[in-house]
2 protein chains.
Amino acid sequence: MTADTTISGPSRRSGTTAPDTERQIFDAALEVFSRKGKDGARMQEIADAAGINRALLHYYFRTKQQLYETCFGHCFERFMQTFGQWLSDTDSFADTLRAFIDGYIDFVREHRQVMRLMLNENLSGGTLLGEHLEAAFQTEGFPQRIMEDRIREAVARAEIRGVDPKQTLLTIVSACLFFFVTRPTVTYLNPLAAEDFDAFVEERRRHIFDILYYGLRSGDADQSSSPAGAGGEGGDR
Amino acid sequence: MTADTTISGPSRRSGTTAPDTERQIFDAALEVFSRKGKDGARMQEIADAAGINRALLHYYFRTKQQLYETCFGHCFERFMQTFGQWLSDTDSFADTLRAFIDGYIDFVREHRQVMRLMLNENLSGGTLLGEHLEAAFQTEGFPQRIMEDRIREAVARAEIRGVDPKQTLLTIVSACLFFFVTRPTVTYLNPLAAEDFDAFVEERRRHIFDILYYGLRSGDADQSSSPAGAGGEGGDR
DNA sequence: ATCTAGTTAAACTGTTTGGCTAATCCCGAG
DNA sequence: CTCGGGATTAGCCAAACAGTTTAACTAGAT
């Protein structure tokens with residue numbers, strides 16, 4: 001990647017059992033940056049969250065900018081690397097779709113901060129995102145293309161309708177991510193999400209697969225063949 | 001609403017043709033707040049954007065906090081009020097769906113700042129959003145329910161499959177908004193979006209309607225009856 | 001004892017906010 | 001026309017605060 005993405009610092013002690021301060025800082029910074037954004041985050045708050053002195057932040061990461069860029073770089077890589085690996089060797093498009101949805105939702109659920117950081121960067125319109133994407137583009141197995149290719153293949157095999165793979169991929173990702181992004185709003189508008197978010201996520205997972213499966217299957221598909229585990233009788237209520 | 005949402009200030013001149021400074025400030029603040037976030041925004045920058053002196057900001061809106069809350073309050077109201085009004089008197093669910101998608105996309109395209117402000121508020125996890133939503137909940141014709149009700153009715157009439165209206169609404173909204181939110185990323189990943197975003201939006205519009213129409217129609221629907229204007233041969237490529 | 005990485009408290013520097021004042025502009029009323 | 005008053009400006013100030021730096025302290029290793 002373009003930026004320095006390795007967590008490097010003065011702490012390269014031989015075999016010491018030191019509490020990995022650098023990691024503590026990184027985690028704390030990620031947490032605070034994702035919640036408050038780059039500008040809203042205070043070095044003091046990060047230091048507090050890491051349980052260390054403010055000056056130590058500068059000892060490990062010279063400046064706030066550098067700390068932020070390190071955070072973002074790691075998030076970006078983690079995001080990219082994780083992206084395609086759920087799709088290993090499934091065969092039918094229905095299986096691929098389900099694996100993709102599950103993988104995406106699981107990832108975001110576990111790495112909420114990563115997503116929020118990416119979101120913040122998208123909103124703030126800085127150059128960081130662009131640089132990283134530009135670099136990722138050069139990569140051989142650019143992960144975003146995997147699902148897109150699967151869609152394209154399924155279209156070619158007439159397994160699904162002749163949709164635009166890029167648009168379709170965007171729709172799937174939208175459906176999987178948006179409700180995490182707007183969780184506060186969703187929570188206010190949806191009783192289930194408010195009282196049991198995990199249950200809501202499961203319901204959402206089923207719904208997304210269901211609506212996309214029906215939305216994508218080829219026109220001459222057998223109506224009664226709901227794919228295994230589609231949620232029962234074909235509805236998602 | 002809870003907060004003071006009327007743009008009030010010292011400028012209550014009788015019939016003067018004065019340049020509505022308050023409005024200028026408001027627009028500038030909205031622009032800057034949406035681009036930089038509440039914390040990233042500088043009062044000086046807002047003043048510059050409005051083409052006025054910084055002291056005048058404090059003259060009209062005492063503090064930054066107050067200016068921000070006013071901005072957010074107005075955005076929230078505008079968003080809520082606009083929400084349901086595209087659905088006036090269409091009949092078939094397909095028409096309703098199309099009108100909703102078109103209305104939503106048009107609104108967000110014209111009021112990008114509004115959306116970004118709402119997004120920022122969602123991310124930052126402040127109390128503002130909650131307060132406003134709480135208040136809006138009490139409102140008689142809570143606009144978000146309109147589309148939800150249309151979906152519910154269509155399900156009851158068996159015009160569409162037995163989907164969960166809340167989930168379905170969320171999916172529609174996701175599909176319409178998410179690509180605006182992540183526009184920088186989408187632009188990098190999609191050549192069409194990069195060179196002609198408007199064309200991309202039109203394509204997206206068709207795709208969303210198409211995939212949702214097929215995803216929602218009831219299982220026994222006539223396969224060949226693609227609704228008027230669905231984009232031709234049923235695909236969206 | 002000395003060296004070094006890790007850590008800290010305190011100081012330094014620049015910026016931002018909020019507030020204030022005095023001067024000016026501009027319009028409409030008298 | 002002049003006057004008055006709201007609108008607006010430049011400019012200043014103090015307090016707060018954030019980011020950064022410095023110098024000193026600690027504890028374990030050599």
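Me: Where is the place of Lys64(A)?
Reply: Lys64(A) sits in helix H4 of chain A, which covers residues 64–83. Keep in mind that this is a predicted model.

Me: Is Lys64(A) exposed, partly exposed or buried?
Reply: Partly exposed. Lys64(A) has 18 other C-beta atoms within 10 Å. A residue needs 20 or more to be buried and 12 or fewer to be exposed, so Lys64(A) falls in between.

Me: How far are the C-alpha atoms of Lys64(A) and Lys38(A) from each other?
Reply: 8.8 Å, with the two residues 26 apart along the chain. Lys38(A) belongs to H1(A) and is buried.

Me: What about H1(A) itself, how many residues does it have?
Reply: H1(A) has 20 residues, 21–40. Its end C-alpha atoms are only 23 Å apart, whereas a straight helix would reach 28 Å at 1.5 Å a residue.

Me: Where does H1(A) bend, and by what angle?
Reply: The bend is at Ser34(A), and it is about 85°. Ser34(A) is also buried.

Me: Which other residues of H1(A) are buried?
Reply: Among them are Glu22(A), Ile25(A), Phe26(A), Ala29(A) and Leu30(A). Val32(A), Phe33(A), Lys36(A) and Gly37(A) are buried too.

Me: Zooming out. How many helices and strands are in chain A?
Reply: Twelve helices and zero strands. Along the sequence the pattern reads α-α-α-α-α-α-α-α-α-α-α-α.

Me: What percentage of chain A is buried?
Reply: Buried residues make up 40% of its 237 residues. As for contacts in chain A with a separation of 6 or more, 62% are between residues 24 or more positions apart.

Me: Now the core. Which residues touch the most other members of the largest nonpolar core?
Reply: Cys71(A), Ala29(B), Cys71(B) and Cys176(B). That core has 121 residues.

Me: What is Cys176(B) in contact with?
Reply: Leaving aside neighbours within four places in sequence, Cys176(B) contacts Ile101(B), Tyr104(B), Ile105(B), Val108(B) and Ile208(B).

Me: Switching to the interface. How many residues of chain B are in contact with chain A?
Reply: 53 residues of chain B, and they meet 52 residues of chain A.

Me: Which elements of chain B give two or more residues to that side?
Reply: H1, H6 (112–124), H7 (128–138), H9 (165–181), H10 (183–189) and H12 (197–216) of chain B. The largest share, eleven residues, comes from H9(B).

Me: How does that side divide into nonpolar, polar and charged?
Reply: On the chain B side, 20 residues are nonpolar, 22 are polar and eleven are charged.

Me: Which residues does Leu133(B) touch?
Reply: Thr185(A) and Tyr188(A), not counting residues up to four places away in sequence. Leu133(B) is in helix H7 of chain B. With 18 other C-beta atoms within 10 Å, Leu133(B) is partly exposed.

Me: And how far apart are the C-alpha atoms of Leu133(B) and Phe76(B)?
Reply: 8.8 Å. The two residues are 57 apart along the chain.

Me: What about H12(B), how many of its residues are buried?
Reply: 15 of 20, so H12(B) is mostly covered. From first C-alpha to last, H12(B) reaches 28 Å, close to the 28 Å expected at 1.5 Å a residue.

Me: Which residues are buried in H2(B)?
Reply: Ile46(B), Ala47(B) and Ala50(B), in a helix that runs over residues 43–50. Seen down the axis of H2(B), the buried residues fall within an arc of 100°, so they line one face of the helix.

Me: What covers the buried residues of H2(B)?
Reply: The cover includes helix H1 (21–40) and helix H3 (54–60) of chain B.

Me: Which residue follows H2(B)?
Reply: Gly51(B). Its phi is positive, near 70°.

Me: Which residue other than glycine has a positive phi?
Reply: Ala158(B) is one of them, with phi near 60°. Ala158(A) also has a positive phi, about 60°. Most residues other than glycine have a negative phi.

Me: Where does Ala158(B) lie?
Reply: In the loop between helix H8 (144–156) and H9 of chain B. Ala158(A) is in the loop between H8 (144–156) and H9 (165–181) of chain A.

Me: Is Ala158(A) buried or exposed?
Reply: Exposed, because Ala158(A) has 12 C-beta neighbours inside 10 Å. Ala158(B) is exposed as well, with 12 other C-beta atoms within 10 Å.

Terms used: Residues are numbered from 1 along each chain as its sequence is written. Chains are lettered from A and ligands numbered from 1 in the order in which they are written. This is a predicted model: local features need pLDDT of at least 70, side-chain atom pairs count only at pLDDT 80 or more; totals for chains, interfaces and linings use all residues. A nonpolar core is a set of buried Ala, Val, Leu, Ile, Met, Phe, Trp, Tyr and Cys residues joined through C-beta atoms within 7 Å. Two residues are in contact if their C-beta atoms, placed from the backbone, lie within 7 Å. Helices (H or I, at least four residues) and strands (E, at least two) are DSSP runs, numbered from the N terminus. The arc is that of the directions from the helix axis to the C-beta atoms. Ala, Val, Leu, Ile, Met, Phe, Trp, Tyr, Cys and Pro count as nonpolar, Asp, Glu, Lys and Arg as charged, and the others, Gly among them, as polar. The expected span of a helix is 1.5 Å times one less than its number of residues. The bend at a residue is the angle between axes fitted to the seven residues ending there and the seven starting there.
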